[in-house]
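Trainee: I am new to this model and would like a close look at one part of it. Please take me through that part slowly, and then through some other places for comparison of method.

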Amino acid sequence: MTLSGHLAYHILLGSLEILAIFSAFLIVFIILYRYFSSRRERWFEYHYQRITEELLDMLTNSDPKATENLAFRNKNYPGPLTHALLDLARRIKGPERQKLAAVFKLALEAKVRKDLRSPFLLRRLTAARLLEFFSEPPEPELVQRLLKDKPPVRLAAISALANAPSSQTIRYIFQALETDPSPNYQTYLEILFPLGEALENELRSALKRPLQPELTAFYIELAGLIPLRRLYPDLLPFISSENKEIRIRAARAISRMELPESLPVLMKLANDPAWEVQAQAVLGLGWLKNPEVIPVLSQALRSPHWHVRLNAKEALLLLGEPGIACLKKMSEQTEDRFAADMAKMGLKEYQELYEKI
């Protein structure tokens with residue numbers, strides 16, 4: 001064998017030895033990793049089940065020291081205790097939730113306040129979720145930082161603020177929504193809707209701000225869903241908006257408020273160029289239960305748009321006897337077959353309901 005061949009042989013042999021050692025190390029590492037992970041999972045599951053049972057017992061225990069004792073015993077098990085508290089908090093409300101909050105304050109609150117500043121996303125998220133259920137919002141500077149965090153942390157922080165509503169916390173929530181680059185409006189609706197009339201002042205201010213049309217439309221919708229009837233004057237400018245979606249939301253919100261003074265406004269919207277706006281206004285006229293709207297509803301029943309005719313039929317049914325008389329008249333005319341068919345459908349629904357009663 002030549003010198004170069006001998007050298008190549010030794011290099012190959014050395015490489016194989018290194019590969020074998022690395023493979024053996026990797027196999028040992030995987031075995032140890034799985035072993036310790038399995039032990040960790042068993043440890044976590046054992047303490048999670050134990051703490052959950054202790055928490056359930058505490059909720060029915062009249063001993064005033066029970067909460068303090070449980071918190072002291074489990075202070076060194078923050079992971080299992082956190083998950084047990086969160087799982088129970090999702091299912092329990094009322095005075096029992098206050099007992100869970102007491103455990104949180106005694107065992108976890110100090111750690112959670114530190115985790116809110118953690119560089120690790122999961123820790124910040126878990127801390128924000130705990131605040132959502134059990135604690136007052138943190139100081140304003142930290143709140144503003146959380147509201148600029150990743151979406152999961154931001155939404156958890158917003159939920160925590162909503163649990164302790166004040167003019168300041170509501171303002172923070174609105175600021176977060178208005179600076180959110182891609183807001184999930186359904187999630188914000190679920191957070192804001194339970195606050196009800198506490199939103200009135202901030203919503204009034206928001207409706208006067210120059211915002212994106214989608215955001216303005218969301219605020220209008222929210223005002224109608226609650227409904228915040230004192231915001232009726234603040235909605236009136238939007239019925240003439242160039243944006244069709246805003247006019248639709250304004251018509252729907254004003255309809256849901258069911259205010260007698262909205263009659264001329266809804267009659268105007270019933271003649272809007274967009275049939276979607278007409279449909280919302282026509283239904284709102286029915287909710288007012290004022291027989292004066294019958295001519296407008298009768299005309300809407302002749303609309304070329306199915307949804308407008310459908311809502312006109314629903315509105316006439318809401319008016320009771322005057323509306324039924326109008327439906328009978330419309331069902332017998334022959335000039336507009338589609339109006340007659342919709343009127344007959346309304347009469348059939350009325351008859352089925354009458355028979356059930």
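Trainee: Which residue takes a positive phi just after α16, and of about what value?

Mentor: The residue is K289, and its phi is about 55°. This is a predicted model, in which local features need pLDDT of at least 70, side-chain atom pairs count only at pLDDT 80 or more, and totals for chains, interfaces and linings use all residues. Residues are numbered from 1 along each chain as its sequence is written, and side-chain values use heavy atoms, with hydrogens and water left out.

Now the helix itself. α16 runs over residues 275–288, 14 residues in total; helices here are DSSP runs of H or I with at least four residues, numbered from the N terminus. From its first C-alpha to its last, α16 reaches 20 Å, close to the 20 Å expected (1.5 Å times one less than the number of residues). Eleven of the 14 residues are buried, so α16 is largely enclosed by the rest of the structure; buried means under 20% relative accessible area with a 1.4 Å probe, protein chains only. The buried residues are V277, Q278, A279, Q280, A281, V282, L283, G284, L285, G286 and L288. Their cover includes α14 (244–257) and α15 (263–269), along with α17 (294–300) and α18 (306–318).

Elsewhere, S331 lies in helix α19, residues 321–332. S331 is buried, with a relative accessible area of 14%. Leaving aside neighbours within four places in sequence, S331 is in contact (heavy atoms within 4.5 Å) with A340, A343, K344 and L347.

Two helix pairs remain. Helix α8 (residues 151–162) packs against helix α10 (residues 185–192) at an angle of about 20°, and their axes are 9 Å apart. The pair is therefore roughly parallel, a label for angles under 35 degrees, whereas roughly antiparallel is for those over 145. In this contact, R154, L155, I158, S159 and A162 belong to α8, and T187, Y188 and I191 belong to α10.

Helix α3 (residues 78–89) and helix α4 (residues 95–107) pack at about 160°, with axes 10 Å apart. That angle makes α3 roughly antiparallel to α4. On the α3 side, L81, L85, L88 and A89 take part, and they meet R97, L100, V103, F104 and A107 of α4.

Methods: Buried means under 20% relative accessible area, exposed over 50%, partly exposed in between (1.4 Å probe, protein chains only). Axes are lines fitted to C-alpha atoms, for helices over the stretch in contact, and angles run from 0 to 180 degrees between N-to-C directions. Angles under 35 degrees count as roughly parallel, over 145 as roughly antiparallel, 65 to 115 as roughly perpendicular and the rest as oblique.
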